[in-house]
Amino acid sequence: AIDDKLHFTETFRFDFDFIEYDAAALDTAIQLLWLVAGVSYYKTYLPPEIDTNNARVDSLTSSFLQETYQKGLGEFFYVNNLAPNSQCTFPVNADPLTQMTVNNVHDGLLVGVGGGKDSLVSAEFLRDSHPNVATWSLNHRRQLEPLVKRIGLPHFFVERTWDSQLSELNKQGAYNGHVPISAIIACVATIVGLLTGYTDHVVSNENSANEPSLTYRGVAINHQYSKSISFEHSFQRLLGLTYKNGPWYFSSLRPFSELRIAELFVTKGWFHKYKGVFSSCNRAFTQNQNTLFWCGECAKCAFVFLILAPFADRAELEALWHDKNLLMDSKLESTYCQLLGIEGDKPLDCVGEVQEARVAMRMAQELYPELQKYEFEIDEAYDFRTMREHAMSEKIYALIESRSKN
């Protein structure tokens, strides 16, 4: 609610059979989702005071929420010309929670599927290396069902419906903009894990998600903050001090660059396997969309085409965009200049690092002489195949590293 005058209702529907779950653990997870999902309503008028009502907020939860809101709304502050260091203060009203032991959890990996190539690489890495792997997704069931069927693992669907008043309020002048959606998804996955018994929630956020999109009033703004390793550490700490034996959260692709993931996706045959049922275009998964497509106009499409081009068959790649070659599209020249760091800031989209975009373009220039018009320098020390930092267990890391080499 805002000032007890505007009241909002958001609904989550978990469309699968539940195990005999731990009620106390579930209640704690649902409360956290309620607090994090509130960011979509908080941003409408940015109230200076937050009242969590009967929700239990200790100092750790308060710090987590403040950081997630403030950094996760960075792009929102930038787009709306607001102070980027605005504080989102959550009052502490409880002593630290005693770490709880969760009943009915087992050693299982729950891989989040968003429809794109990254989560498919995670699923393929883990499916033959772990005895208990399942997938789950939030919304867009119609688009994702063919992909889920192709993956062939147990799957859990969740539907989220946010309050329809938001769009009307935006028309009336309420603030609008990007929210840390991946933080909301992380909280939903914790609930899915508790309802199904799977211990670990696996996301597919790569090293590239750590690079800020731009600097605004001296503050680094990252469109992908809730996909960054900073958020990953923050959420892990909260979960670890809340639950003794799970649930857990980590990215299986954190050590990789986007370009390396694209190489693996193609060279291991997964591009061909999932051709026609996957899309990394965010426009295909916006509200009210129910078909799968690649728009061929956004920065995400431009970047994905670029990093796949050095490895994929040209005809097969162009077929995804109805026989269109995005590297040759004059309308995307300015987008590629942004991706390459030649002019302007990186696009506010889920795209990779400038250095890996440059390496990919250099590789593409060997295939397409017309691309020599893009002039840039490459850091000789940069190697897109180098494994970077991660926040997964050493056991899972060893498994991922081995699968990436074999």
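Strand 3 and strand 4 (residues 155-161) run parallel and are joined by 4 bridges; two strands count as paired if DSSP finds at least two bridges between them. Helices (H or I, at least four residues) and strands (E, at least two) are DSSP runs, numbered from the N terminus. The model is predicted: local features need pLDDT of at least 70, side-chain atom pairs count only at pLDDT 80 or more, and totals for chains, interfaces and linings use all residues. Residues are numbered from 1 along each chain as its sequence is written, and side-chain values use heavy atoms, with hydrogens and water left out.

**Strand 3 and its partners**

- The chain passes from strand 3 through helix 6 (residues 141-151) to strand 4 in a right-handed β-α-β crossover; right-handed means that, with the strands pointing away from the viewer, the path from the first strand over the helix to the second runs clockwise.
- Strand 2 is likewise parallel to strand 3, with 4 bridges between them, and G112 has W136 in strand 3 as its bridge partner.
- Because 6 of the 6 residues of strand 3 (residues 133-138) are buried, the strand is largely enclosed by the rest of the structure; buried means under 20% relative accessible area, exposed over 50%, and partly exposed in between (1.4 Å probe, protein chains only).
- In a regular strand the side chains alternate between the two faces of the sheet.
- In strand 3, V133, T135 and S137 are buried on one side, and A134, W136 and L138 are buried on the other.

**Nonpolar cores**

- The largest nonpolar core has 74 residues, and L327 and Y336 have the most contacts inside it; such a core is a set of buried Ala, Val, Leu, Ile, Met, Phe, Trp, Tyr and Cys residues joined through side-chain atoms within 4.5 Å.
- Helix 12 supplies the largest share of this core, 9 residues.
- Not counting residues up to four places away in sequence, Y336 touches A302, F305, L306, L326, L327, M361 and Y374; contact means heavy atoms within 4.5 Å.
- A second, separate core of 54 residues includes L82, L195, Y243 and Y249.

**Helix 15**

- The 14 residues of helix 15 (residues 354-367) should span 20 Å at 1.5 Å a residue, and the end C-alpha atoms are 20 Å apart, which agrees; the expected span is 1.5 Å times one less than the number of residues.
- Its buried residues are V354, E356, A357, R358, V359, A360, M361, A364 and Q365.
- These buried residues pack against helix 10 (258-267), helix 12 (299-308) and helix 14 (333-339).

**S62**

- S62 lies in helix 3 (residues 59-72) and counts as buried at 4% relative accessibility.
- Leaving aside neighbours within four places in sequence, S62 is in contact with V57, F90 and V92.
- A polar atom of the S62 side chain lies 2.6 Å from the backbone oxygen of F90.

**Backbone features in loops**

- A cis peptide bond, with omega of about 5°, joins G246 and P247; P247 lies in the loop between helix 9 (229-242) and strand 8 (248-251).
- N81 is not a glycine, although its phi is positive at about 55°; N81 is exposed, with a relative accessible area of 53%.
- H322, also not a glycine, has a positive phi of about 55° and is exposed, with a relative accessible area of 70%.

Terms used
A polar contact is a pair of N or O atoms within 3.5 Å; within protein, one must be able to donate a hydrogen and the other to accept it, and residues adjacent in sequence count only if both atoms are side-chain atoms.
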